[in-house]
Amino acid sequence: MEYEFNVDGKRHRVALEKKGGAISAVVDGSRIEADVARLSPNAISILAGGRSYLAHCAIEGRTIHVVVGASRFVLEEPRTDDALGALKDKAAGRIEGTVKAPMPGQVTKVNVAEGAEVQPGDILVVVEAMKMEHEMRAEFPAVVEKVHVRAGQQVDAFQPLVELRPADAGAQP
Amino acid sequence: MFRKILVANRGEIALRVMRACREMGIATVAVYSAADRESRHVQAADEAVFLGPPAPLESYLNIEALIAAARKTGAEAVHPGYGFLAENPRFAARCEEAGITFIGPDARALALVGDKVASRKTAASIGVPIIPGMMAPGREMREFELAIREIGYPALVKASGGGGGKGMHVVRSARDLEEKIEAGRREARSAFGDDSVYLEKYLERPRHVEFQVLADRHGNAVHLFERECSIQRRHQKIVEETPSPAIGPELRARMGETAVAIIRATHYTNAGTVEFLLDEDGRYYFLEVNARIQVEHPITEMVVGVDLVRRQIAVAAGEPLPFRQEDLGQRGHAIECRIYAEDPEAGFLPRPGRILFAREPEGPGVRCDSGICSGATVTPYYDPILAKLIVHAEDREAARRRMAAALDGYTIIGIPTTVEFLREVIAHPEFAAGRTHTHFIEQHFAGWKPRPPDPALLEVALIAGALALPETAPPSGAAQRRALTPWQTVGRWAIGGEGR
């Protein structure tokens, strides 16, 4: 699986391949073999290059905070409106159709069913987090292809909630 | 002994007091505002009473609501902690009137030591050195000008009803005397509702050295040695240690005797702190009495081996002190660092928010008096103290290294805190050499910025970040194919990658 993060304005790429308890990672082009153990939702032990690292992580919106020893890193999700992302989108002729949870929380309302047609601004799902309600709305005319969650369900940050198919996109490729 | 105590506070100090109660077999009552329903002190108590809206005046400063809570739960005594109503003579008097024991000095002693000008007079009357300055607040400019002739520049404008550095201004020349006095008045009026100010000689590089005292209701009074609290930001302490690297046995004994003399002269009972400034020539001046358990009390507990909160409760219950001055001594060295929800980069501005993750250090000689946990919300309503990290070791250098290691093991994610800043204070060569004074942070840390993370750890951090993203059920084939960037496949990666 591949990931992209912005750290301090610089784009980094991580490709991970899991092989049992070990992983093979390619970070910005260099290969790292590591043994990893997820100790808790916030703690990951990484044995790599003959050293032991304990990383603490927490996800907040589009950001992952990672602390290793006394060093703090802020990993950000590259925005889709980044120049590169926008170019890619255009070239592929596709529109992001996955509506994801903005942060860990609870789904309090699911307003749509699979097959429903939605218009921009329609509320699809309501997620409650940090005592605030986040209304996840459709951004373009679409057909609801898949609903991944039900009311009352706990969700993690970025967990897919609803898949949308652009209304004028016709059948899937 | 009491059977039930109401703790009229929140955060780490409420937890500290409740721990002592539990160990003494005393039931506890927590009080909480609407902002604190999920706070740890509510969970730690045997009972909890709701006070009111988050604003302190409607909750933790609401005397009648607290008295009603004590009556309703049958609490026989109230521990006020520090801050809020801890040094409020009206609250102490109101408790007494309601037949509830106030764990602290009585209202009369509180009123006497709470008035800075009055306590300066008391100290001077028994021959205790005080900082040269006015013995009463000034009204006319002429009075301030006269005082300046005696004490000279630089001088310090101070609020007579104040504390916490509010209303304090340094005056360096006749040109800005009037302006600084006006500024002091304005701040004092808004902070304490009283705009009376006075002038004192300003010491350039003093150390802040205070003595812990305990006095019972049977005429016994002892000191439990000093705490050096010179490392301050915004005139508020952030690192404290004991013993002070600046005083030897002879000066220590003299200052300790002075502290006890002041406590006796004010007919003070229970735990208190007598604060002094120590100048570069080893002369000390009485500053004020803090009539409460201090934030930094744990370092004394570690080095002297006395549980101060337990003693407070026992003294309030009428018990005599179980030791005399000659029974007390200092063993090893202790340091405390205060962990605040503040941004040191932005002038230590408080920064509320949600603690996404917290991990506190542990180990031999490491004590963490904390009021937080992962998932806790730091609200903007109260003092931004999160926790106190205290270490105890054989000597100062061992304690300093222990503190450095403990701070490295302290991780708080989600809000800015003072942890990283404190790591650098503890590592600073001037701190290591014991050369501390109250302008230490201004002098050595002006324009401080956090160090960039170690670039050698970036790869590990990126791998950890990728692994931290949630793992959920593999997606449908169509969705998988439409994935554009890995972020859109978040939660979908599974062993073997692609759709499994």
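Analyst: Helices and strands are here DSSP runs, numbered from the N terminus, a helix being of type H or I with at least four residues and a strand of type E with at least two. The model is a predicted one, in which local features need pLDDT of at least 70 and side-chain atom pairs count only at pLDDT 80 or more, while totals for chains, interfaces and linings use all residues. Residues are numbered from 1 along each chain as its sequence is written, chains are lettered from A and ligands numbered from 1 in the order in which they are written, and side-chain values use heavy atoms, with hydrogens and water left out.

The backbone comes first. Phe348(B) is situated in the loop that runs between strand S15 (342–343) and strand S16 (349–350) of chain B. Its phi is near 60°, a positive value in a residue other than glycine. Phe348(B) is buried at 8% relative accessible area; buried means under 20%, exposed over 50% and partly exposed in between, computed with a 1.4 Å probe on protein chains only. In chain A, Asp28(A) also has a positive phi, near 45°. The loop between strand S3 (22–27) and strand S4 (30–40) of chain A holds Asp28(A), and this residue is partly exposed, at 41%. As background, most residues other than glycine have a negative phi, and most peptide bonds are trans.

Chain B also contains cis peptide bonds. One joins Tyr153(B) to Pro154(B), with omega about -5°, and Pro154(B) sits in the loop between helix H7 (141–151) and strand S6 (155–159). Another runs from Thr242(B) to Pro243(B), with omega near -5°. Pro243(B) belongs to the loop between strand S11 (236–242) and helix H9 (249–265).

The charged side chains follow. Side chains of opposite charge can pair when their charged atoms come close. A salt bridge is counted when a side-chain nitrogen of Lys or Arg is within 4 Å of a carboxyl oxygen of Asp or Glu. Over all chains, the whole structure has 52 of them.

In one of these, Glu204(B) pairs with Arg172(B), the closest N and O atoms being 2.9 Å apart. Glu204(B) is in the loop between strands S8 (197–201) and S9 (207–215), and Arg172(B) in the loop between strand S7 (169–171) and helix H8 (177–192), so this pair ties together parts that are 32 residues apart in sequence. Both partners are partly exposed, Glu204(B) at 37% and Arg172(B) at 48%.

Glu210(B) and Arg227(B) form another salt bridge, with 2.7 Å between the closest N and O atoms. This pair links distant parts of the chain, Glu210(B) being in strand S9 and Arg227(B) in strand S10 (residues 221–233), 17 residues apart. Here Glu210(B) is buried, with 0% relative accessibility, and Arg227(B) is buried as well, with a relative accessible area of 0%. These two residues also belong to a network of salt bridges, together with Lys237(B), Glu240(B), Glu275(B), Glu296(B), Glu336(B) and Arg338(B).

A further salt bridge joins Glu397(B) to Arg401(B), whose closest N and O atoms are 2.8 Å apart. Both residues lie in helix H12 (residues 396–408), four residues apart, about one turn of the helix. Glu397(B) is partly exposed, at 29%, whereas Arg401(B) is exposed, at 57%.
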